[in-house]
Amino acid sequence: MVATPITAPYGCPEHVLGGGGRVGSSAAGGGLGPRPWTRALIIGAGAVLLAGAAVGGGLVLAGDDPDRPDGGDALPSAPTCASIPEDAVLSALPGATPESEGHGPLSGGESSTCVWTSLGPDGEGRGSLRVDLSARFTDASAEPVVTGEQAAVLARDAAVPVRGEQVDLAGGTEAGVWRGRLPGTAELAFQRDNMLVRVSYVGETDGEPVSFGEARDTAVDFAARLEETL
């Protein structure tokens with residue numbers, strides 16, 4: 001499998017957004033640049049989470065001919081970053097500024113990737129938030145046929161490690177949440193119809209990574225808000 005931790009996945013260019021983006025403003029940092037440790041945390045976490053989302057979720061770059069949705073697939077395309085509620089992002093990451101977004105094909109479907117970072121109000125609560133929304137399409141060439149929903153379930157099972165904890169979101173959807181590789185990081189995945197949703201959150205308070213419990217709660221609360229709109 002191929003995963004590129006710097007550019008947007010799935011063969012589509014990454015669009016970098018400045019402080020004038022949809023959510024938040026770079027002014028939230030009060031003119032203070034992140035500490036070197038914070039910068040390393042956010043950049044390093046972004047690279048790890050990006051690669052993890054691609055490899056752990058079973059995502060590979062699509063070929064020249066994008067896969068097409070089947071008439072039986074609930075979602076004919078992956079939701080865009082605009083579908084993610086601004087209040088949910090700001091609740092998880094105060095002062096969030098859009099960092100990048102991408103949308104394009106992947107093997108067996110289509111995916112959107114959305115990343116926000118924050119220096120936090122008054123330089124506190126720094127961190128980053130990443131969301132991957134991937135629609136899986138029915139593979140009629142398989143024997144037996146693999147529906148888009150079945151493919152999304154398989155992708156979710158592949159993404160959640162054995163150590164992952166199962167939680168129920170507010171709408172009743174089951175999600176898997178687990179500790180990320182870096183301190184202060186929590187990752188989460190859930191499946192709705194033929195879509196796989198992955199959330200990655202990394203945070204810092206007072207110059208130190210937040211506890212896994214806090215990162216976990218933030219990821220779960222955000223996913224519950226997201227579930228209501230998808």
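1. Disulfide count. Taking a disulfide as a pair of cysteine sulfur atoms within 2.5 Å, the count is one. Cys81 is joined to Cys114, S to S 2.1 Å. The cysteines are 33 residues apart and link distant parts of the chain: Cys81 sits in the loop between helix H1 (36-56) and H2, Cys114 in strand E3 (residues 109-118). Elements are DSSP runs numbered from the N terminus: helices H or I, at least four residues; strands E, at least two. The S-S torsion is about -95 degrees, so the disulfide is left-handed. Both Cys81 and Cys114 are buried (under 20% relative accessible area, 1.4 Å probe, protein chains only).

2. Basis. This is a predicted model: local features need pLDDT of at least 70, side-chain atom pairs pLDDT 80 or more, while totals for chains, interfaces and linings use all residues. Numbering runs from 1 along each chain as its sequence is written, and side-chain values use heavy atoms, without hydrogens or water.

3. Helix H4. Residues 212-229 form this helix of 18 residues. Its C-alpha span is 26 Å, close to the expected 26 Å (1.5 Å times one less than its number of residues). Its buried residues include Phe212, Arg216, Phe222 and Glu227. Among the elements covering them are helix H2 (86-92) and strand E4 (126-136).

4. Cores. A nonpolar core is a set of buried Ala, Val, Leu, Ile, Met, Phe, Trp, Tyr and Cys residues joined through side-chain atoms within 4.5 Å. The largest has 31 residues; Ile84, Trp116, Leu129, Leu188 and Phe222 touch the most other members. H4 gives the largest share, seven residues. A second, separate core has six residues, including Ala155 and Leu196.

Notes:
Buried means under 20% relative accessible area, exposed over 50%, partly exposed in between (1.4 Å probe, protein chains only). Contact means heavy atoms within 4.5 Å.
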